[in-house]
Amino acid sequence: MTNATPHQPLTAVLIANRGEIAVRIARTARDLGIRSIAVYSEPDTGALHTQVADEAYLLPGKTSAETYMNIPALIDIAYRAGADCLHPGYGFLSENADFARTVEEAGLRWVGPPPEAIELLGDKLSARALAVKVGAPLAPGTGEPLETWEEARDFAAEHGMPIAIKAAFGGGGRGLKVVFDEADIEEGFASAGREAKEAFGRGECYVEKFLVHPRHVEAQVLADAHGNVAVLSTRDCSTQRRFQKLIEEAPAPFLTDEQRTAIEEGARAICQQAGYQSAGTVEYIVSEDGTVSFLEVNTRVQVEHPITEQVTGVDIIAEQFRVAAGLPLSFAGKDPEVNGHAFEFRINAEDITNGFAPSPGTITRFDLPTGPGIRVDSGVMTGWTIPAYYDSLMGKLVVWGPDRETAMRRAEQALKEFSIGGVRTVLPFHRDMITAPELTGDSLDVYTDWVDHNYSPSAQHEVEDIEHIYDDRTSLVIEIDGKLHTVGVPVALLSGGGAAGGSAEPAPGAADAAGAVTVKYEATIVEWLVADGDVVSKGDAVATIEAMKMESSVKATRDGQISLAAAAGERVKANATIATIS
């Protein structure tokens with residue numbers, strides 16, 4: 001399908017996003033001679049993306065709805081700043097067809113796919129129908145959004161458990177709940193809807209049969225208005241927690257030629273049929289029996305796009321600008337060749353000792369690794385305070401090597417060198433996984449919920465108090481018999497005590513002794529799972545809270561009778577006492 005638009009050079013881009021992707025877009029814009037205009041919320045005042053961009057304008061407010069998803073405010077700033085195009089990045093409004101249409105009606109170029117393609121493919125139900133039309137295999141699923149949780153129960157009765165409840169409008173693991181027990185369908189349906197509403201502004205969900213132990217494999221697509229649809233190899237994104245990706249690699253390893261062809265050509269056919277333009281990703285699951293099943297299309301640039309750039313030499317953001325300007329792809333006519341292998345490690349502010357719970361706070365140290373094949377795309381810096389209002393991604397470590405084994409060895413060293421203080425991150429998890437036989441063996445034995453069911457930091461580190469993996473450490477170099485030895489020593493020991501790990505938390509046992517139930521970070525109480533005056537046991541989940549676009553459980557700190565001190569829907573500060581147990 002060809003719908004060529006006249007070439008129109010772009011001169012100034014409004015970046016309707018924040019964090020590392022806003023930094024990434026601003027850097028490419030500078031390479032292309034395009035003036036970059038950043039926007040920022042009140043908590044993001046002085047953030048790295050505002051410093052890298054040529055200009056930055058305030059979006060008054062704190063929440064996503066008040067700021068980065070405030071369409072009138074974004075368009076107003078674009079006019080005031082003299083932008084002629086807008087890049088939405090990923091998340092927020094990037095897959096909102098109404099926003100894309102509003103941008104174009106305002107006389108700006110939308111650096112992304114046409115609104116019609118976003119509507120067609122961003123709606124997972126119509127995307128499924130299109131996949132059927134072009135012959136892509138699919139797992140059983142509902143054809144329309146569900147009105148009630150009972151409909152999900154009826155689907156499970158027909159097709160069996162487990163089932164996946166998914167946001168019809170969205171992606172990135174938000175609004176996705178896999179339910180294994182029929183008794184949990186009602187809560188899973190409600191929780192998926194809440195997360196979808198918070199992340200994407202729409203809470204409709206549908207249901208699919210969940211294939212056990214699936215790999216997540218995807219194809220990167222770039223298309224222009226001149227009929228060129230290129231597939232830039234594959235990625236494997238199976239290492240996830242709560243169906244949000246943590247480690248990705250390109251190209252996807254251990255696929256047969258038939259599987260790879262089905263994935264790449266299926267992606268091309270879907271995008272050709274949809275009249276797609278710009279960057280997009282067609283996602284599949286590959287079950288343990290080898291079955292390939294279409295999952296969804298992400299109508300935007302993805303977080304993991306750098307690993308594809310590293311193995312193809314294509315600047316995907318630059319190609320997006322070319323397409324928006326009406327130009328053909330710079331490599332039009334054939335798919336780029338793949339060279340080497342690359343890994344990406346998402347560096348999230350999350351506490352792996354507490355179920356990957358969000359860990360906002362102030363970064364006291366941010367030391368980056370160096371060496372051949374090392375790239376870090378970051379949205380933070382030393383001294384920056386990570387807000388609790390947005391997702392937990394701080395940056396991405398990208399490692400390339402001439403082959404998979406070399407890339408893994410480089411990654412292991414880079415992860416050792418990467419050092420972050422002041423907030424808890426997933427770095428200890430990445431250091432564990434890069435040597436895990438499930439990832440490093442002759443086959444990939446990690447699947448999308450492997451981390452949730454198999455990874456345990458306590459088992460990995462074999463220490464009595466797993467919290468100590470977050471102790472701030474300093475390196476001491478000691479010479480013994482003429483040979484140097486490097487020893488990591490907790491800073492607290494050298495300073496004569498004090499809290500380690502950069503977190504302002506009560507002393508161990510203090511909360512238990514006082515009976516206080518606290519939250520470690522600023523959050524919203526989504527719902528209470530108990531009533532005032534109920535008797536609870538230590539470890540019981542008593543409340544669901546939301547921060548950084550994730551829901552987490554708060555657990556009872558002791559046995560006893562609980563007295564609630566905060567209401568559902570209330571936003572509470574870090575370390576606030578939300579209940580007491582007597």
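Ser233 sits in strand S10, where strands (E, at least two residues) and helices (H or I, at least four) are DSSP runs numbered from the N terminus. The model is a predicted one, in which local features need pLDDT of at least 70 and side-chain atom pairs count only at pLDDT 80 or more, while totals for chains, interfaces and linings use all residues. Numbering starts from 1 along each chain as its sequence is written, and side-chain values use heavy atoms, with hydrogens and water left out.

Most residues other than glycine have a negative phi, and most peptide bonds are trans. Ser233 is not a glycine, yet its phi is positive, about 65°. Ser233 counts as buried because its relative accessibility is 7%; buried means under 20% relative accessible area, exposed over 50% and partly exposed in between, with a 1.4 Å probe and protein chains only. Phe243, also not a glycine, has a positive phi of about 60°. Phe243 belongs to the loop between S10 and S11 and is buried, at 14% relative accessible area.

Then there are the cis peptide bonds. One runs from Met161 to Pro162, with omega near 0°, and Pro162 is in the loop between H7 and strand S6 (163-167). Another joins Ala250 to Pro251, with omega near -10°; Pro251 is placed in the loop between strand S11 (244-250) and H9.

On to the helices themselves. H9 covers residues 257-274, and its 18 residues should span 26 Å at 1.5 Å a residue, which agrees with the 26 Å between its end C-alpha atoms. The expected span is 1.5 Å times one less than the number of residues. Among the buried residues of H9 are Gln259, Glu264, Arg268 and Cys271. The cover over the buried residues of H9 includes helices H5 (115-122) and H6 (124-134), along with strands S9 (215-223), S10 (229-241), S12 (278-286) and S13 (292-298).

H8 has 16 residues and reaches 22 Å from first C-alpha to last, close to the 22 Å expected. Its buried residues include Ile185, Phe189, Glu195 and Ala199. These buried residues of H8 pack against H7, S6, S7 (176-179), S8 (205-209) and S29 (550-555). Gly201 follows H8 with a positive phi near 85°.

Two packed helices are described by the angle between their axes and the distance between the axes. For H7 (residues 149-159) and H8 (residues 185-200), the angle is about 125° and the axes are 9 Å apart. The axes are lines fitted to C-alpha atoms, for helices over the stretch in contact, and angles run from 0 to 180 degrees between N-to-C directions. H7 and H8 are therefore oblique to each other: angles under 35 degrees count as roughly parallel, over 145 as roughly antiparallel, 65 to 115 as roughly perpendicular and the rest as oblique. From H7, Trp149, Ala152, Arg153 and Ala156 meet Ile185, Glu186 and Phe189 of H8, contact meaning heavy atoms within 4.5 Å.

Finally, Ile285 lies in strand S12 and is buried, with a relative accessible area of 11%. Leaving aside residues up to four places away in sequence, Ile285 touches Leu211, Pro214, Arg215, Thr291, Val292, Ser293 and Leu295.
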